[in-house]
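Subject: Structure handover and notes

Dear colleague,

I am passing the structure below to you, together with notes on what was found in it. Please read the notes with the sequence and the coordinates open beside them.

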Amino acid sequence: MKRIITFGTFDVLHVGHIRILERAKELGHHLTVGVSSDALNYSKKSRYPVYPQSDRSELIASLKFVDHVFIEESLELKAEYIKEHKADILVMGDDWEGKFDFLNHLCEVKYLRRTEGISTTQLIAEIRKYE
């Protein structure tokens with residue numbers, strides 16, 4: 001069986017997150033999830049997540065198909081995380097298509113289709129309408 005690794009912010013947990021993590025786990029026997037740190041999220045999106053990294057990590061770790069969670073501190077450390085967690089397959093959403101192909105020498109890279117019609121950014125915008 002194979003060890004799978006994936007990464008994400010997982011802020012405002014929604015069915016799209018659940019579906020992609022479930023499909024990732026179906027590719028192997030062990031799923032490791034790197035949850036973006038608050039600082040990393042700010043550097044990527046110029047905003048902090050709604051929920052702090054400790055809460056987001058706890059939510060992801062509570063899912064029955066997730067075996068291990070760690071905090072991802074830097075996008076540039078993906079190769080190190082793959083090696084450290086002995087991953088056979090890196091799974092990312094198809095919005096990242098092609099961006100991690102350079103890691104194919106370390107593990108297989110798969111891009112899974114995201115759930116249509118739902119995104120954290122969209123949810124936050126909808127919620128803010130009611131403020």
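R56 is buried, with a relative accessible area of 0%, where buried stands for under 20% relative accessible area, exposed for over 50% and partly exposed for what lies in between, using a 1.4 Å probe and protein chains only. Before going further, please note that this is a predicted model, in which local features need pLDDT of at least 70 and side-chain atom pairs count only at pLDDT 80 or more, while totals for chains, interfaces and linings use all residues. Residues are numbered from 1 along each chain as its sequence is written, and side-chain values use heavy atoms, with hydrogens and water left out.

R56 also takes part in a salt bridge with D38, in which the closest N and O atoms are 2.7 Å apart; the term covers a side-chain nitrogen of Lys or Arg within 4 Å of a carboxyl oxygen of Asp or Glu. This pair connects distant parts of the chain, since R56 belongs to helix α3 (residues 53–61) and D38 to helix α2 (residues 38–45), 18 residues apart. Helices (H or I, at least four residues) and strands (E, at least two) are DSSP runs numbered from the N terminus.

Across the whole structure, the search finds seven salt bridges, and two others may interest you. One of them joins the side chains of D95 and R114 (2.8 Å, N to O), and it links distant parts of the chain, with D95 in the loop between β4 and β5 and R114 in the loop between β5 and α5 (120–128), 19 residues apart. D95 counts as partly exposed at 40% relative accessibility, and R114 counts as partly exposed at 34%. The other is formed by the side chains of K83 and E80, at 3.8 Å from N to O; both residues lie in helix α4 (residues 78–84), three residues apart, which is about one turn of the helix. K83 is partly exposed, with a relative accessibility of 47%, and E80 is partly exposed as well, at 42%.

Turning to the overall fold, the protein chain has five helices and five strands, and along the sequence these follow the pattern β-α-β-α-α-β-α-β-β-α. The radius of gyration of the protein chain, taken over C-alpha atoms with a globule rule of 2.2 Å times the number of residues to the power 0.38, is 14 Å, close to the 14 Å that the rule gives for 131 residues, so the chain is as compact as a globular protein of that length. Its C-alpha atoms fill a box of roughly 45 × 25 × 25 Å along the principal axes, and 46% of the 131 residues count as buried.

Strand β4 (residues 89–93) is mostly covered, five of its five residues being buried: I89, V91 and G93 point one way from the strand, whereas L90 and M92 point the other way. β4 pairs with strand β1 (residues 3–8) in the parallel sense over three bridges, where pairing requires that DSSP finds at least two bridges between the strands, and I5 stands opposite L90 in β4. Five bridges join β4 to strand β5 (residues 108–112), again running parallel, and there E108 is the bridge partner of I89.

The structure also holds six aromatic pairs, counted when the ring centres of Phe, Tyr or Trp (its six-membered ring) lie within 6.5 Å, with planes under 30 degrees apart called stacked, over 60 edge-to-face and the rest tilted. F7 and F70 make an edge-to-face pair, 6.0 Å centre to centre with 90° between the planes; F7 lies in strand β1 and F70 in strand β3 (residues 68–72), so the pair ties together parts that are 63 residues apart in sequence. Both F7 and F70 are buried, and ring pairs link F7, F70 and Y81 into a cluster. The charged end of K78 sits over the ring of F7, 4.1 Å from its centre, the criterion being that NZ of Lys or CZ of Arg is within 6 Å of the ring centre and within 35 degrees of the ring normal.

With best regards
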